[in-house]
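Me: I would like to learn how to read the features of a structure step by step. Please show me the case and start with the overall fold.

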Amino acid sequence: MNYNATKQYGSMVKEMASQIAQSNNIYNVSAELYETYNESLYLISRLSLKELYDNYPNNQKVLSFVIDEYVIDDKVREVFLTKLFQNDDFEIEFIKRDIGGAYNFLCSTQTLLQAIAITAHPSQYKEGQLTTALENVIRPAIEPSIKNAENFGFAFNSLAAKDALRAAEEQTEQEELQKNR
């Protein structure tokens, strides 16, 4: 297995962490990241979690390598693993700015990354933390259920609709350029 979904997931969260770290306005950057990554990160995270869960604990050395090499770098650790986004005052500010979805997006990304970090190095955590990561975070996110299938389908269709809209806009721009020549 080449862990392609996990590598792609890592690339996305590294880019997100970099943008958050460079920004002076967590609210604006979070809203932009939500618009840019929400559906694609949802889809790829589920595929990544399935790769990881299916190979835990039998391939622990490989899992640790893949997570350390492709998912959790210093910037991801700084942004998503050292401070907590789940905070009532922080959430209220997101709600006031009418970007509550971006807040939920940040929190769910953080929760998944925390669970992934625990599975990468389970000996560094208490047994209860590992059980919680596997049984309360990862497994429910990937288990075959109607809710997960609906969420996956919705994210897939939303992403496809955004891609179609983007393609139509690009075609319109090209046609306008052709007319103006």
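Reply: This is a predicted model. Going from the N terminus, the elements of the protein chain follow the order α-α-α-α-α-α-α-α. The chain has eight helices and zero strands. Its C-alpha trace spans about 65 × 40 × 35 Å along the principal axes.

Me: What share of the 181 residues in the protein chain is buried?

Reply: Buried residues account for 39% of the 181. Of the contacts in the protein chain between residues at least 6 apart in sequence, 78% join residues at least 24 apart.

Me: Take one residue as an example. Is threonine 6 buried or exposed?

Reply: The cut-off for buried is under 20% relative accessible area. Threonine 6 has a relative accessible area of 0%, so it is buried. It is found in helix α1, residues 4-22.

Me: Which residues is threonine 6 in contact with, leaving aside its neighbours within four places in sequence?

Reply: Threonine 6 touches Ser48, Glu51, Leu52, Val66 and Val71.

Me: Now the aromatic side chains. How many aromatic pairs does a search of the whole structure find?

Reply: The search finds nine aromatic pairs. A pair is read from the distance between ring centres and the angle between planes, with over 60 degrees counting as edge-to-face. The ring centres of phenylalanine 90 and tyrosine 103 are 6.2 Å apart and their planes meet at 70°, so this pair is edge-to-face. The pair links distant parts of the chain, with phenylalanine 90 in helix α5 (residues 88-96) and tyrosine 103 in helix α6, 13 residues apart.

Me: Are phenylalanine 90 and tyrosine 103 buried or exposed?

Reply: Phenylalanine 90 is buried, at a relative accessible area of 18%. Tyrosine 103 also counts as buried, with 5% relative accessibility. Tyrosine 103 has a further partner: its ring and that of phenylalanine 94 have centres 5.6 Å apart and planes at 55°, so this pair is tilted. Phenylalanine 94 is buried too, at 0% relative accessibility.

Me: Which residues form one aromatic cluster?

Reply: The cluster is formed by Tyr27, Phe80, Phe85, Phe90, Phe94 and Tyr103. One of its members, tyrosine 27, has arginine 97 over its face, at 3.9 Å from the ring centre. Elsewhere, lysine 7 lies over the face of tyrosine 70, at 4.9 Å from the ring centre.

Me: How do I look for empty space?

Reply: Rolling a probe the size of a water molecule over the atoms shows where empty space is left. In this model the largest pocket has a volume of about 310 Å³. Its lining holds 16 residues, and those nearest its centre are Tyr42, Arg46, Lys147, Asn148 and Asn151.

Me: What can be said of the second largest pocket?

Reply: The second largest pocket holds about 230 Å³ of space. It is lined by 13 residues, with Asn38, Tyr42, Asn104, Phe105 and Ser108 nearest its centre. Here α2 and α6 are the elements that give two or more residues. Its lining divides into six nonpolar, six polar and one charged. Tyr42 is named among the residues nearest the centre for the largest pocket and for the second largest pocket.

Me: Finally, the backbone. Where is the cis peptide bond?

Reply: The bond from tyrosine 56 to proline 57 is cis, with omega near -5°. Proline 57 is placed in the loop between α2 and α3 (60-70).

Notes: Residues numbered from 1 in each chain as written. Predicted model: local features only at pLDDT ≥ 70, side-chain atom pairs only at ≥ 80, totals over all residues. Heavy atoms only, no water. 1 Å grid on protein atoms, 1.4 Å probe; cavity = no way out; pocket = protein on both sides within 12 Å on 5 of 7 lines; lining within 4 Å. Points joined across faces, edges and corners; volume = space filled by probe spheres on them. Helix = DSSP H or I, 4+ residues; strand = E, 2+ residues; numbered from the N terminus. Nonpolar A, V, L, I, M, F, W, Y, C, P; charged D, E, K, R; others polar. Buried < 20%, exposed > 50% of the residue type's maximum accessible area, 1.4 Å probe, protein only. Contact = heavy atoms within 4.5 Å. Phe/Tyr/Trp six-rings, centres within 6.5 Å; stacked < 30°, edge-to-face > 60°. Lys NZ or Arg CZ within 6 Å of the ring centre and 35° of its normal.
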